[in-house]
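Welcome! Here is a short tour for anyone meeting this structure for the first time. Take a look at the sequence and the model, then read on.

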Amino acid sequence: MVRAFLIKYAEIGIKGKNRYVFEDALVRRVKERLERCEGEFFVEKEQGRIYVEATGDFDPEETMTALTHVFGIAHICPVVLVEDKSFDNVCKELLDHMKDQLGDRKFTFKVFAKRSDKSYEMESPDICMEAGKYILDHMENAQVDVHKPEVKVYIEIRARAYVYVSSVKGPGGMPVGTAGRSMLLLSGGIDSPVAGWMMAKRGVRIEAVYFHAPPYTSERAKQKVVDLARIISEYTGPIQLHIVNFTDIQLAIYEKCPHDELTIIMRRYMMRIAQTIAEKRHCLSLITGESVGQVASQTMQSLAATDNVCHMPVFRPVIAFDKNDIIEIAEKINTFETSILPFEDCCTIFVAKHPVTKPDIGKMENSEKKIADIIDDMVMKAIDEREIVDVRPE
């Protein structure tokens with residue numbers, strides 16, 4: 001019976017002398033994720049492997065799903081732990097496991113063995129050969145294929161023996177928290193949740209800021225963003241969501257600035273506010289979901305105009321993606337259906353009819369002087385009075 005899982009990582013394995021830092025971070029993330037699962041689990045690190053062992057009743061499917069949401073994991077293998085690792089007993093346990101996992105269907109296989117316990121009675125090549133012979137003798141539906149096997153049979157001899165025949169692909173990447181902290185500009189659209197997910201996959205711990213414009217945007221629009229943050233948190237862990245009331249700032253820009261520049265000037269103030277909050281929260285960068293040429297505010301000139309107000313790095317992980325590429329990831333991480341709910345955010349409410357696509361930064365700065373006497377107080381008020389929501393996975 002499967003009561004344990006072997007966690008395999010990929011990129012962590014090339015980290016050299018500080019690999020243990022990433023391994024320990026991955027162990028912590030696995031433990032955190034499993035705290036919300038039924039049952040008790042023991043997680044240990046052993047010679048380039050991480051094992052998760054259930055110590056009581058548990059739900060294997062729930063456990064597997066939880067592990068597939070942990071960045072840093074390349075593959076998850078349900079394993080059978082064999083306390084009595086005599087070769088005959090290992091073969092019997094392996095056979096039961098194969099019948100349970102593979103049933104009566106015909107398949108080809110190859111045996112792979114790893115003998116970390118050098119005092120074991122057999123060497124790895126002999127384990128492969130004898131175990132393969134045992135399988136052939138006891139499973140009429142099995143056939144050897146050493147070149148392109150349908151099933152790879154693994155036997156690892158350590159303090160105990162581990163046998164397994166299947167694996168589930170993990171999300172890959174690096175453990176969250178190993179690459180610093182960043183502030184995501186999270187809207188209710190498709191792109192920004194994907195951008196946050198992609199950066200978290202590289203080990204970045206995510207916080208988020210959302211610009212709300214009541215009464216022009218509804219409470220349902222705000223709840224939509226909270227829901228998106230909650231879905232992302234299934235992968236990232238808890239997210240602190242900063243909800244900024246942007247109404248007065250938008251109205252001031254709308255009343256006093258050229259309408260073809262509205263979108264870019266609003267984006268520039270969003271970036272200023274996000275950067276200030278990011279600094280307060282010790283973030284090292286900003287993240288946006290912008291993609292070159294997707295809309296008027298995302299031309300190269302427009303992106304340069306918004307970056308002009310930032311001294312903090314701005315990361316745009318979907319910058320070269322087609323919309324269909326972004327949608328494909330959104331569907332995979334389960335944000336798409338929420339993103340397309342018809343509750344508009346503040347950017348869409350105040351969009352200009354004919355927005356400038358090649359903004360001149362000097363002209364933008366002159367336009368912003370028209371609100372210079374009031375805007376600083378509005379910005380500080382919006383930052384100081386922001387709502388902070390601690391978003392956690394369900």
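Let's start in the loop between helix 10 and helix 11 (336–339), which is where Asn334 sits. Asn334 is exposed, because its relative accessible area of 52% is over the 50% cut-off. Please keep in mind that this is a predicted model.

- Most residues other than glycine have a negative phi, and most peptide bonds are trans.
- Asn334 has a positive phi, near 75°, and is a residue other than glycine.
- His282 is not a glycine either, and its phi is positive at about 60°.
- You can find His282 in the loop between helix 8 (262–280) and strand 13. His282 counts as exposed because its relative accessibility is 66%.
- The peptide bond that joins Pro214 and Pro215 is cis, with an omega of about 0°. Pro215 belongs to the loop between strand 11 (205–212) and helix 6.

**The chain as a whole**

- The protein chain contains 14 helices and 15 strands.
- A box of roughly 85 × 40 × 35 Å, taken along the principal axes, is filled by the C-alpha atoms of the protein chain.
- The protein chain has 394 residues, and 52% of them count as buried.
- Among contacts in the protein chain with a separation of 6 or more, 80% involve residues 24 or more positions apart.

**Helix 5 with helix 10**

- Helix 5 (residues 191–201) and helix 10 (residues 323–332) have axes that come within 9 Å and cross at roughly 70°. Helix 5 is therefore roughly perpendicular to helix 10.
- The crossing of these two helices, helix 5 and helix 10, is left-handed.
- On the helix 5 side, the residues that meet helix 10 are Asp191, Val194, Trp197 and Met198. Their partners in helix 10 are Lys323, Ile326, Ile329, Ala330 and Lys332.
- Sorted by class, the contact of helix 5 with helix 10 has six nonpolar residues, three charged residues and no polar ones.

**Helix 1 with helix 2**

- The axes of helix 1 (residues 19–34) and helix 2 (residues 60–67) are 9 Å apart, and the two helices pack at an angle of about 135°. Helix 1 is therefore oblique to helix 2.
- Helix 1 and helix 2 pass each other in a right-handed crossing.
- Val30, Arg33 and Leu34 in helix 1 meet Thr63, Ala66 and Leu67 in helix 2. By class, the contact of helix 1 with helix 2 has four nonpolar residues, one polar and one charged.

- Thr236 is part of helix 6 (residues 219–236). Thr236 counts as buried because its relative accessibility is 2%, and the cut-off for buried is under 20%.
- Setting aside neighbours within four places in sequence, Thr236 is in contact with Arg29, Val176, Ala200, Arg205 and Ile206.
- Val30, which also takes part in the contact of helix 1 with helix 2, is 206 residues from Thr236 in sequence. In space, the C-alpha atoms of Thr236 and Val30 are 12 Å apart.
- Pro238 is in the loop between helix 6 and strand 12 (239–245). With 34% relative accessibility, Pro238 counts as partly exposed.
- Neighbours within four places in sequence aside, Pro238 is in contact with Ile206, Asp390, Val391, Arg392 and Pro393.
- One of those partners, Asp390, is 152 residues from Pro238 along the chain, and their C-alpha atoms are separated by 6.9 Å.

**Gln298**

- Gln298 lies in the loop between strand 13 (285–287) and helix 9 (300–307).
- Is Gln298 buried or exposed? Gln298 counts as buried, because its relative accessibility is 10%.
- Not counting residues up to four places away in sequence, Gln298 touches Glu290, Ser291, Val292, Gly293 and Leu303.

Technical notes: Residues numbered from 1 in each chain as written. Predicted model: local features only at pLDDT ≥ 70, side-chain atom pairs only at ≥ 80, totals over all residues. Heavy atoms only, no water. Helix = DSSP H or I, 4+ residues; strand = E, 2+ residues; numbered from the N terminus. Buried < 20%, exposed > 50% of the residue type's maximum accessible area, 1.4 Å probe, protein only. Contact = heavy atoms within 4.5 Å. Axes fitted to C-alpha atoms, helices over the stretch in contact; angles between N-to-C directions. Parallel < 35°, antiparallel > 145°, perpendicular 65-115°, else oblique. Left-handed = near helix turned anticlockwise from the far one by under 90°. Nonpolar A, V, L, I, M, F, W, Y, C, P; charged D, E, K, R; others polar.
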